[in-house]
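Please keep the sequence and the structure in view while reading.

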Amino acid sequence: MATYSVKEEVAKLRYLSVHPAGMEPMRWRPPRAPGRKNARLPPAPELGPSAPKEAAPHVDTGAFSDAALLAAVLGCTEDRAAGILARAGSLARLARFGVNDIVELTRVSREEAERIAVACELGRRSLVLESRPAGPIVGVAPLARWFRLHIGGMFVQEIWAAGLDDAGVLRGAWRVARGDVHRGEIDTTAVVRGASRLQVKHVILAHNHPSGSLVTTPDDLRFVLRVHRAALAAGIKLVDCLIVGPTAGYTSLAEEGVLPGSS
């Protein structure tokens, strides 16, 4: 029978109090944050041959009818879209209306009318960008065609101004007024401010007649005279004033000899 000294017995009790029997000495580990549990990651999936992805079907929008395109814009049935076009008269007429007119004429919601107006404006801007005259402009016919695509088909009257540099190159265009432009007070200094911003000294005005008539009216002459005086005071030359409509053709006040300083 083994005997232990008092010193050995005390050492044994100390060891067992720190390291219980049958257990390895504990290693020190940093304390965990309160309330945090140990996260166990799921086993990594076995990588196998990936299945080929199916290609998205090709959508040929060019083959869509007008009603099908409008149905895609509104997210409605093609029959309902066809009814909207019938109430508007045609897609071309629908593109000429503003939001309020679309709501009243076609009896769609305002949100749907805004979608239609945005889609039509997007298409119109793409045509305007592609048809913008490049290089020196010889005569006003190219600029008249450009403005006809831009504002000629609108049912709302708009007045625009185009700035040309000394070489006759179009540097930019800006809207001067919109709506019932002859009844309201039109800010003629908007023409001068736009020309100063582009740093040009030659300006051509253009506005549409929603009625389709290209005949110069007394209101047109009064407005052009006011702009001519404001531009002349700022050292800017008013080269011409164009009248456009939804169909081909234009009227040039300079060619008619009624523009101040053109005769």
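The model is a predicted one. In this model five strands form an open sheet with mixed pairing, and their order across the sheet is S2-S1-S3-S4-S5. Strand S2 (170-178) and strand S5 (250-252) are the edge strands, since each of them pairs on one side only. From one strand to the next, the twist averages 20 degrees.

**Strand pairs in the sheet**

Two of the pairings are listed below.

| Strands | Sense | Bridges |
|---|---|---|
| S1 and S2 | antiparallel | seven bridges |
| S3 (residues 202-208) and S4 (residues 237-244) | parallel | seven bridges |

Strands S1 and S2 form a hairpin, with five residues between them. In the turn of this hairpin, Gly-168 has a positive phi of about 85 degrees. Further along the pair, Trp-160 stands opposite Arg-175 in S2. As for the pair made by S3 and S4, these strands run in the parallel sense. Here Asn-208 has Val-244 in S4 as its bridge partner.

**Helices on the sheet**

Helix H8 (residues 189-198) packs on the sheet and touches S2 and S3. The direction of H8 makes about 155 degrees with that of S2. Helix H9 (residues 218-233) also packs on the sheet, where it touches strand S1 (158-164), S3 and S4. The direction of H9 makes about 155 degrees with that of S4.

Which residues does Ala-230 touch, not counting residues up to four places away in sequence? Ala-230 lies in helix H9, and with that exclusion it touches Thr-188 and Val-192. Ala-230 and Ala-190 are 40 residues apart in sequence, while their C-alpha atoms are 9.7 Å apart in space.

Two packed helices are described by the angle between their axes and by the distance between the axes.

Helix H2 (residues 66-74) and helix H6 (residues 110-130) pack at an angle of about 120 degrees, and their axes are 9 Å apart. H2 and H6 are therefore oblique to each other. The crossing in which H2 passes H6 is right-handed. On the H2 side, Leu-70, Val-73 and Leu-74 make the contact, and they meet Glu-112, Arg-115, Ile-116 and Ala-119 in H6. By type, the residues of this contact of H2 with H6 are five nonpolar, no polar and two charged.

The axes of H2 and helix H3 (residues 78-88) come within 8 Å and cross at roughly 110 degrees. H2 and H3 are therefore roughly perpendicular to each other. H2 contributes Asp-66, Ala-67, Ala-68, Leu-70, Ala-71 and Leu-74 to the contact, and H3 contributes Glu-78, Ala-81, Ala-82, Ile-84 and Leu-85. The residues of the contact of H2 with H3 divide into nine nonpolar, no polar and two charged. Leu-70 and Leu-74 of H2 take part in the contact with H6 and in the contact with H3.

**Salt bridges**

How many salt bridges does a search of the whole structure find? The search finds nine salt bridges. The side chains of Arg-110 and Glu-114 meet in a salt bridge, with a distance of 3.6 Å from N to O. Arg-110 and Glu-114 are four residues apart in helix H6, so about one helical turn separates them.

How values were computed. Residues numbered from 1 in each chain as written. Predicted model: local features only at pLDDT ≥ 70, side-chain atom pairs only at ≥ 80, totals over all residues. Heavy atoms only, no water. Axes fitted to C-alpha atoms, helices over the stretch in contact; angles between N-to-C directions. Helix = DSSP H or I, 4+ residues; strand = E, 2+ residues; numbered from the N terminus. Parallel < 35°, antiparallel > 145°, perpendicular 65-115°, else oblique. Left-handed = near helix turned anticlockwise from the far one by under 90°. Contact = heavy atoms within 4.5 Å. Nonpolar A, V, L, I, M, F, W, Y, C, P; charged D, E, K, R; others polar. Pairing = 2+ DSSP bridges. Salt bridge = Lys/Arg side-chain N within 4 Å of Asp/Glu carboxyl O.
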